[in-house]
Amino acid sequence: MSEAVMADAMVSPAVGGPYVEKAGGPVVDFSYVGIDAILEQMRRKAMKQGFELNIMVVGQSGLGKSTLMNTLFKSKVSRKSVLATGQEKIPKTIEIKSISHDIEEKGVRMKLTVIDTPGFGDQINNENCWQPIMKFINDQYEAYLQEEININRKKRIPDSRVHCCIYFIPPTGHCLRPLDVEFMRRLSKVVNIVPVIAKADTLTLEERDFFKKKIREELRANGIDVYPQKEFDEDAEDRMINEKIREMIPFAVVGSDQEYQVNGRRLLGRKTKWGTIEVENIAHCEFAYLRDLLIRSHMQNIKDITSSIHYEMYRVRRLNENNTVVARANGIPEHHLAAHEM
């Protein structure tokens, strides 16, 4: 290969590059450095690696958890859709079951893991039913931490941490149950919680608005921070966008994986004797807002908060525990440890 051809191959003109097309051929723009090319480099790397998203769904049986997940990703991604064919018995204790899928859209690959919690809230005595879920979330943090502190750790650590927990509230129209309050109060400290009112088509618009307002008041009264949390707003623009979302929480949603013909269009909905409830129509329910939050606008932020806030708090606590154990074994007094940690 001649030197001229080699030079052309190394610095061929590109869109947004240092070359400007003129009548006599490309002219070099010597003021162009090329810093903006980092965005394209990041995009190519991300496209090669793909993405991971782990969503947990929590709520008692019959609230449409599986259907909503299928509706969100327009695929059969729920545990029941893939594994169960017959009638399932209600578990005597809470079980944690997860299933992963590889989803691709317009060349973007994502490994989606849906974590279900059958048995939650279905027993006569639901005392401490949040504990197995808390343990599962912490176990994923522990697995990630152990990979991270290995001397010869993997180039890319598999991420099984729960990025988001969708909590399904029964459409009673009155107030939160003690179970709902206790679960969200405890779990909001370790995972991003997005509360939704399940099967919102069973409420009138007036009942729905009253119920949403009542839930927001109870969340504030009990000090429950659901996603997006105020303290993690990065700037004024984020704060303005997130305030609008916080005013809509909990999202009143309807899920359906059935398509119907409405005014010449095929759309997802639920057919009733009074008409068709259109799942993606914001005049009918708030499913579209939930989908935009989880996938189209805040997915990366949800993952970032999981990594930099929730996991980081767990990591610091565990490493402090390990340091304390080692120090005690070496005979260092506890007041020295406390002073060192401060």
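**Where α3 meets α9**

On the α3 side, L68, T71, L72 and F73 touch F287, L290, R291, L294 and I295 of α9. Sorted by class, that contact has seven nonpolar residues, one polar and one charged.

- Helix α3 covers residues 65–73 and helix α9 covers residues 287–297; they pack at an angle of about 70°, and their axes are 10 Å apart.
- Angles from 65 to 115 degrees count as roughly perpendicular, and that is why α3 is described as roughly perpendicular to α9.
- The crossing of α3 past α9 is right-handed.

**How α5 and α6 pack**

- Here the angle between α5 and α6 is about 20°, with the axes 11 Å apart.
- An angle under 35 degrees counts as roughly parallel, so α5 and α6 are roughly parallel to each other.
- α5 goes past α6 in a right-handed crossing.
- From α5, the residues making the contact are I133, M134 and I137, and from α6 they are F183, R186 and L187.
- Five of the residues in the contact of α5 with α6 are nonpolar, none is polar and one is charged.

**The buried side of α6**

- Which residues of helix α6 are buried? In this helix, which runs over residues 178–187, they are L179, D180, V181, F183, M184 and L187.

**Two cis peptide bonds**

- Y227 and P228 are joined by a cis peptide bond, with omega at about 0°.
- You'll find P228 in the loop between α7 and α8, the latter being residues 236–248.
- I249 and P250 are linked by a cis peptide bond too, and omega is about 0° there.
- P250 sits in the loop between α8 and β8 (251–252).

**Positive phi without glycine**

- K106 isn't a glycine, yet its phi is positive, near 50°.
- Look for K106 in the loop that runs between β4 (97–105) and β5 (108–116).
- Is K106 buried or exposed? K106 counts as exposed because its relative accessibility is 81%, and the cut-off for exposed is over 50%.
- N128 has a positive phi as well, about 60°, and N128 is not a glycine either.
- N128 belongs to the loop between β5 and α5.
- With a relative accessible area of 35%, N128 is partly exposed.

**How confident is the prediction?**

- The pLDDT averages 86 over the chain, and 84% of the residues score at least 70.
- Residues 4–12 have a pLDDT below 50, and this stretch has two contacts in the model beyond near neighbours in sequence.

Key:
Residues are numbered from 1 along each chain as its sequence is written. This is a predicted model: local features need pLDDT of at least 70, side-chain atom pairs count only at pLDDT 80 or more; totals for chains, interfaces and linings use all residues. Side-chain values use heavy atoms; hydrogens and water are left out. Buried means under 20% relative accessible area, exposed over 50%, partly exposed in between (1.4 Å probe, protein chains only). Helices (H or I, at least four residues) and strands (E, at least two) are DSSP runs, numbered from the N terminus. pLDDT is the predictor's confidence in each residue, from 0 to 100. Contact means heavy atoms within 4.5 Å. Axes are lines fitted to C-alpha atoms, for helices over the stretch in contact, and angles run from 0 to 180 degrees between N-to-C directions. Angles under 35 degrees count as roughly parallel, over 145 as roughly antiparallel, 65 to 115 as roughly perpendicular and the rest as oblique. A crossing is left-handed if the near helix is turned anticlockwise from the far one by less than a right angle, and right-handed if clockwise. Ala, Val, Leu, Ile, Met, Phe, Trp, Tyr, Cys and Pro count as nonpolar, Asp, Glu, Lys and Arg as charged, and the others, Gly among them, as polar.
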